[in-house]
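Student: Could you walk me through this structure, one question at a time?
Tutor: Gladly; let us look at it together.

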Amino acid sequence: MADVVEVAAPRGLFVGLCVLDVIQSVERLPGPDEKATALRQTVAAGGPATNAAATFAALGGAAALVTGVGRHRLADAIRDDLAGIGVPPGGVRLLDADSGRTEPPSVSSVLVTASTGDRAVVSANAIGRNLAPPPGLAAEVAAADVLLVDGHHMAVAQAAAAQARDRRRPVVLDGGSWKTGTDTLLESVDVAVCSAAFRPPGTTAPDDVLAYLLDHGVAFAAVSRGPRPIRWRSRGGGTSRVGEVPAPVVDRVVDSVGAGDVLHGALAYAIATRRKEHPWGEREFVEALNSAATTASRSCATFGTRAWMSP
């Protein structure tokens, strides 16, 4: 009987925002000076890079997250949530670049309208927190099959992306919004998938955004637009090609919180997995985008950012 060869799980490194999400479902958003009783609630670690790392781990990958959490008691809830992700729970390994911080981590307040799944979010994000690249970052990059950055904690993101470029590791950008330093970050980005709110200087429409990204060195770019098709563009073989990936239909959208983050985490997982199998090109990018869109749509059918991960 031939020996069974175990294939190592793909390894993903994620750099960016981590907050504590408090998500509550309501019949409608309250007005000024009005109180509302939540229909249900959940609490979990959140943020673009964090939810992407959680997705990567839930799909079977080994995920590490570089962010700033600190040692306040609320940070323990973040650690507990990340530790329980995966099947079996392997967790998201946390590399805290702000371990000496005693203030509370950023808390994101999310209200989800029960009838539509639309969400309203208030968060301090990473305002006022200037993190430096932590010791051992280069070794983490070297061990990864893919790096994802969300543009928060920009100095750390730029350092990790530059190191990944030097080591020929694919770099994925989750472009939620244009931030100071994004132009420099793009110099090391291979794949950029951005929201409709991502607007580089001088751009007004998705095709403008895609052209800008390719002009600044990105090989594969896409703009996600909720339930509308994902618009993509590539510059393989020296020519620019454009296309669309349909967003799978969801029978009932329960909660759209984190769907874009799930898209990016699933895309990073597909890239890391396929990178081990064969060369990466336009066809593989489109296939990975299709697969990631399916996973993201599945997450919209459950409440919160973790329930979709259950079998």
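Student: How many bridges join strand β11 to strand β12?
Tutor: First, a note: this is a predicted model, in which local features need pLDDT of at least 70 and side-chain atom pairs count only at pLDDT 80 or more, while totals for chains, interfaces and linings use all residues. Residues are numbered from 1 along each chain as its sequence is written, and side-chain values use heavy atoms, leaving out hydrogens and water. Strands here are DSSP runs of E with at least two residues, and helices are runs of H or I with at least four, numbered from the N terminus. β11 (residues 220-225) and β12 (residues 228-234) run antiparallel, and the number of bridges joining them is 5.

Student: How many disulfides does a search of the whole structure find?
Tutor: A disulfide is a pair of cysteine sulfur atoms within 2.5 Å. The sulfur of C194 is too far for a bond, because the closest cysteine sulfur, in C300, is 19 Å away. For the whole structure, the search gives 0.

Student: Is C194 buried or exposed?
Tutor: Buried means under 20% relative accessible area, exposed over 50%, and partly exposed in between, with a 1.4 Å probe and protein chains only. C194 has 0% relative accessibility, so C194 is buried.

Technical notes
Pairing = 2+ DSSP bridges.
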